[in-house]
Amino acid sequence: MADTALATGLRVQQWDSKFFLEYLTENRYAGEMGTNENSIIQLREDISKKPGDSITFALVNKLINQATTGSNILEGNEEDMVSRSFRLYVDKRRNAVRIPEMEEVKSPIDLRNAARSILKEWALKDTEGLISSALMGINGVDFLSASAAQKNAWVAANSDRVVFGQLLSNYNATFSTALNTIDATNDKLTAASISLMKRQAVGANPKIRPVRVQDGGAKRWFTMHANTKAFRDLKLDTTITQAQREVRLEAQNTKLFEGGDILWDGVIVKETPDLDRYITNNATPVACGPVILCGAQAVGMAYAKRWNSQTKTFDYGDKFGVATEAIYGVKKLEFGTGNTDTTTLKDNGIVTGWFAAVSDS
């Protein structure tokens, strides 16, 4: 009986599928990704879309009415299920490498395997960079590229979702004025400031929902991404050092928790070097860095085409090229607080904090 050989095209499809799976699971933010509204990073896929098209996310707010009890009339007292939508535009993103003088490499799979690690690393970094930029984004604009007017409009619209240092009274609708209240000694990231940001999330209107995780029972967690200097200061906080000795082991069983993370008050804090984007205020002056607390539907990630590979020969077959490309987009999810989905945008699942980020001595 003759052996059945797998067609080259099917082998390439299998290679691409494995590449995409590894790309998702090895991503820094992998534990926060999911396809439903309970995910910090919600994934949507629509293969009918093309570069420049958009994929729509439905943003669902919590119901706030008390229960109608007994024989009291429910009809006419229904609660409006306030929901908004967010359009996320996708675009083609790709890269390629050339592999010279590979005499023993003949098949399409051999070529792909030769370039696998470096292309996967590039795809991972590309996505991680987009997610980190989205966490700091202001109405679709990268924070460091935003104008003073854009920063002021953002901080005014998100007054219930921003924290400057240790005190809520540091807030000001002018971003630079609020940032000037931060000093190098009293406004570092601490256990107290984590709890403050969590209270802001819970008390925001609409509320920011924690992620529900089944971990021996219903658990609810927020995730916080801290720049490296803020994370350094947090590790030195005496309240945290004591708590880490007593950290509950069951927290480590959730997919959100990784070695080196810090757990405090229902918040899992992660060191995120991509957030090492510091700005210096004008008062002290002191370098300040972002800390992002995330709940459900903080970021949207839309795919119109998964990562796939192509090969090509050059120089009369002496050199080979391997490319990888995808059509996707990543943005912070925002909703309009005005009459339409795009009027007076507010961050959907994020509280943004700014804290002192003093350089190492």
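**Exercise 1. The two ends of a salt bridge**

Is Lys125 buried, partly exposed or exposed? Then compare it with Glu128, its salt-bridge partner.

*Solution.* Start with the model itself. This is a predicted model: local features need pLDDT of at least 70, side-chain atom pairs count only at pLDDT 80 or more, and totals for chains, interfaces and linings use all residues. Residues are numbered from 1 along each chain as its sequence is written, and side-chain values use heavy atoms, with hydrogens and water left out.

Step 1. Buried means under 20% relative accessible area, exposed means over 50%, and partly exposed lies in between (1.4 Å probe, protein chains only).

Step 2. Apply them. Lys125 has a relative accessible area of 46%, so Lys125 is partly exposed. Glu128 has 6%, so Glu128 is buried.

Step 3. Check the pair. A salt bridge needs a side-chain nitrogen of Lys or Arg within 4 Å of a carboxyl oxygen of Asp or Glu. The side chains of Lys125 and Glu128 meet at 3.6 Å, N to O.

Step 4. An α-helix has 3.6 residues a turn, so residues three or four places apart point the same way.

**Exercise 2. Survey the chain**

Count the helices and strands, then describe burial, contacts and surface.

*Solution.* Step 1. Helices (H or I, at least four residues) and strands (E, at least two) are DSSP runs, numbered from the N terminus. The chain has seven helices and 17 strands.

Step 1. Of the 361 residues, 47% are buried.

Step 2. Contact means heavy atoms within 4.5 Å. Take the contacts between residues at least 6 apart in sequence: 74% of these join residues at least 24 apart.

Step 3. Accessible areas come from the Shrake-Rupley method with a 1.4 Å probe; for residues, only the protein chains shown count as cover. The chain exposes about 18,100 Å², and carbon and sulfur atoms supply 49% of it.

**Exercise 3. Other salt bridges**

How many salt bridges does the structure hold? Locate the one between Lys332 and Asp347.

*Solution.* Step 1. The total is 13 salt bridges.

Step 1. Lys332 and Asp347 meet at 3.1 Å, N to O. This pair links distant parts of the chain: Lys332 is in strand β14 (residues 319-332) and Asp347 in strand β16 (residues 345-347), 15 residues apart. Both Lys332 and Asp347 are buried.

Step 2. Asp233 and Arg232 are both buried.

**Exercise 4. Backbone exceptions**

Where is Pro206 found, and which residue does a cis peptide bond join to it? Then examine phi in Asn139 and Gln297.

*Solution.* Step 1. Recall the background. Most residues other than glycine have a negative phi, and most peptide bonds are trans.

Step 1. Asn205 is joined to Pro206 by a cis peptide bond, with omega about -5°. Pro206 sits in the loop between α5 (191-203) and β7 (211-214).

Step 2. Asn139 has a positive phi, near 50°. Asn139 lies in the loop between α2 and α3 (148-157). Its relative accessibility is 35%, so Asn139 is partly exposed.

Step 3. Gln297 also has a positive phi, about 55°. Gln297 lies in the loop between β12 (287-294) and β13 (299-314). Its relative accessibility is 0%, so Gln297 is buried.

**Exercise 5. Inside the fold**

Which residues have the most contacts inside the largest nonpolar core?

*Solution.* Step 1. A nonpolar core is a set of buried Ala, Val, Leu, Ile, Met, Phe, Trp, Tyr and Cys residues joined through side-chain atoms within 4.5 Å.

Step 1. The largest core has 47 residues, and Tyr23, Phe164, Phe175, Met301 and Trp354 have the most contacts inside it. Helix α2 gives the largest share of this core, five residues.

Step 2. Follow Met301. Not counting residues up to four places away in sequence, Met301 touches residues including Tyr23, Phe57, Leu88 and Tyr328.

Step 3. Another core lies apart from the largest one; it has 23 residues, among them Met224, Ala230, Phe231 and Leu293.
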